[in-house]
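Morning, everyone. Please look at the screen, and keep the sequence and the model side by side while I talk.

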Amino acid sequence: MAAQHATDITLDDALKALTLLTTAGMETYDDCAQLARQARRLLNELETMAADLATTHNVSGKRTTRALSVLMESVGELILYAERMARAALAAAETAEAEETAMARDYRPTQDATVDAGLAAPSARIHNEN
């Protein structure tokens, strides 16, 4: 085979890489979803604490109220970003899985036929049309 047609990656290598991408995407999804759940819990605790400080302990000064408000806004943004990251990671994992399935479906028969015929590589379609 001419060097220009040689490649360092095999179908199995490509499929393995896509499997790893799928797994990494699902793990990232799980991590981001967990982060969002924990951030929601933190936001609830902050709201409870703010109400307790104001009613039970009479801590309701402007600086304290503003600091708690800023902190709760930040946690709210964290929730949004974590949920957004979870959705993106899930979409990426699903795309990698779909590509793996399509690549195996489309290329495995050619690879198997090449091996069955005792060839090192499949020939280009143009060579078989004459």
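Asp106 and Arg105 form a salt bridge, and their closest N and O atoms are 3.0 Å apart. A salt bridge here means a side-chain nitrogen of Lys or Arg within 4 Å of a carboxyl oxygen of Asp or Glu. Before I go on, two notes on the source. This is a predicted model, so local features need pLDDT of at least 70, side-chain atom pairs count only at pLDDT 80 or more, and totals for chains, interfaces and linings use all residues. Residues are numbered from 1 along each chain as its sequence is written, and side-chain values use heavy atoms, with hydrogens and water left out.

Back to our pair. Asp106 counts as partly exposed, at 43% relative accessibility. Arg105 counts as exposed, at 54%. The cut-offs are simple: buried is under 20% relative accessible area, exposed is over 50%, and partly exposed is in between, with a 1.4 Å probe and protein chains only.

How many salt bridges are there by this rule? The count comes to three. Take Arg108 with Asp12: the closest N and O atoms are 2.8 Å apart. This pair links distant parts of the chain, with Arg108 in helix H2 and Asp12 in helix H1, 96 residues apart. A word on helices: they are DSSP runs of H or I with at least four residues, strands are runs of E with at least two, and both are numbered from the N terminus. Arg108 is partly exposed, with a relative accessible area of 26%. Asp12 is partly exposed at 42%.

Now Glu83 and Arg40. Their side chains meet in a salt bridge, 2.4 Å from N to O. Glu83 lies in helix H2 and Arg40 in helix H1, so the pair ties together parts that are 43 residues apart in sequence. Glu83 is partly exposed, at 24%. Arg40 is partly exposed too, at 35%.

**Inside the model**

Which residues make up the largest nonpolar core? There are eight: Ala39, Leu43, Leu46, Ala50, Leu68, Met72, Val75 and Ile79. H1 and H2 each supply at least two residues of this core. By definition, a nonpolar core is a set of buried Ala, Val, Leu, Ile, Met, Phe, Trp, Tyr and Cys residues joined through side-chain atoms within 4.5 Å. For background, nonpolar side chains tend to be buried together in soluble globular proteins.

Pick out Ala50. Leaving aside neighbours within four places in sequence, Ala50 is in contact with Leu68 and Met72. Contact means heavy atoms within 4.5 Å.

Next, Thr22. You will find Thr22 in helix H1, which covers residues 11–55. Is Thr22 buried or exposed? Thr22 is buried, because its relative accessible area is 12%. Not counting residues up to four places away in sequence, Thr22 touches Ala93, Ala96, Glu97 and Glu100.

Glu97 comes up again with Leu20. The C-alpha atoms of Leu20 and Glu97 are separated by 9.6 Å, although these residues are 77 apart along the chain. Leu20 is in helix H1.

Now go to Thr114, in helix H2. Thr114 is buried, with a relative accessible area of 8%. Again leaving aside neighbours within four places, Thr114 is in contact with Leu119, Ala120, Ala121 and Pro122.

**The surface and the loop**

Leu35, Leu78 and Met85 make a nonpolar surface patch of about 220 Å². Met85 sits in helix H2, residues 62–116. Met85 is partly exposed, at 41%.

Between H1 and H2 there is a loop, and Asn58 lies in it. Phi of Asn58 is near 55°, a positive value in a residue other than glycine. Asn58 is exposed, with a relative accessible area of 64%.

Last topic: confidence. pLDDT is the predictor's confidence in each residue, from 0 to 100. The chain averages 92, and 91% of the residues score at least 70.

Notes
Patch = residues over 30% accessible without salt bridge, like charges linked within 9 Å, V, L, I, M, F, W, Y side chains within 5 Å. Areas by Shrake-Rupley, 256 points an atom, 1.4 Å probe, with all protein chains shown as cover.
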